[in-house]
Amino acid sequence: MASGKHKWFMKVRGSYLPSSAVGWLTYIPYTAYLVGVLVFVLNQSYSFWHGLFIVLPNWIAAVAVMNYLAARKS
């Protein structure tokens, strides 16, 4: 657990919201990763289902990592 003045996120209804500038800045690489995976899949000649099976696990992993980080820094 982070100390009071070093909290990046605050817990709200089972989720986490940024409570500092550093917390908000963590969303830049997170969003870039999500968009990057989607752009990669859209630029390839994958079928819908093949693309879905690439995007979905990557997005779930990204959410899990972000949730872990938020839990550690709140």
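Biologist: Where in the chain is Thr-26 placed?
Modeller: This is a predicted model, where local features need pLDDT of at least 70 and side-chain atom pairs count only at pLDDT 80 or more, while totals for chains, interfaces and linings use all residues. Residues are numbered from 1 along each chain as its sequence is written, and side-chain values use heavy atoms, with hydrogens and water left out. Helices (H or I, at least four residues) and strands (E, at least two) are DSSP runs, numbered from the N terminus. Thr-26 sits in the loop between helix H1 (21–25) and H2.

Biologist: Is Thr-26 buried or exposed?
Modeller: Buried means under 20% relative accessible area, exposed over 50%, and partly exposed in between (1.4 Å probe, protein chains only). Because its relative accessibility is 13%, Thr-26 counts as buried.

Biologist: How far is a polar side-chain atom of Thr-26 from the backbone oxygen of Gly-23?
Modeller: Contact means heavy atoms within 4.5 Å, and neighbours within four places in sequence are left aside when Thr-26 is listed in contact with Trp-8, Phe-9, Met-66 and Leu-69. The distance from the Thr-26 side chain to the Gly-23 backbone oxygen is 2.5 Å.

Biologist: How far apart in space are the C-alpha atoms of Val-37 and Val-55?
Modeller: Val-37 belongs to helix H2 and is buried, at a relative accessible area of 10%. Neighbours within four places aside, its contacts are Val-55, Asn-58 and Trp-59. Val-37 and Val-55 are 18 residues apart in sequence, and their C-alpha atoms are separated by 6.4 Å.

Biologist: What is the C-alpha separation of Ser-20 and Leu-69?
Modeller: Ser-20 is in the loop between S2 and H1. Ser-20 and Leu-69 are 49 residues apart along the chain, and their C-alpha atoms are separated by 14 Å.

Biologist: What is phi of Arg-13 near?
Modeller: Arg-13 is in the loop between S1 and strand S2 (15–18), and it counts as exposed because its relative accessibility is 85%. Most residues other than glycine have a negative phi. Phi of Arg-13 is positive, near 50 degrees.

Biologist: Is Ser-74 buried or exposed?
Modeller: Ser-74 is in the segment after H3. A polar atom of the Ser-74 side chain lies 3.4 Å from the backbone oxygen of Ala-71. Its relative accessible area is 12%, so Ser-74 is buried.

Biologist: What is the relative accessible area of Met-10?
Modeller: Met-10 lies in strand S1 (residues 9–12). Together with Val-12 and Leu-17, Met-10 makes a nonpolar surface patch of about 230 Å². Met-10 is partly exposed, because its relative accessible area is 44%.

Conventions: Patches are made of residues with over 30% relative accessible area and no salt bridge: like charges are joined within 9 Å, nonpolar side chains (Val, Leu, Ile, Met, Phe, Trp, Tyr) within 5 Å. Accessible areas come from the Shrake-Rupley method with a 1.4 Å probe; for residues, only the protein chains shown count as cover. A salt bridge is a side-chain nitrogen of Lys or Arg within 4 Å of a carboxyl oxygen of Asp or Glu. A polar contact is a pair of N or O atoms within 3.5 Å; within protein, one must be able to donate a hydrogen and the other to accept it, and residues adjacent in sequence count only if both atoms are side-chain atoms.
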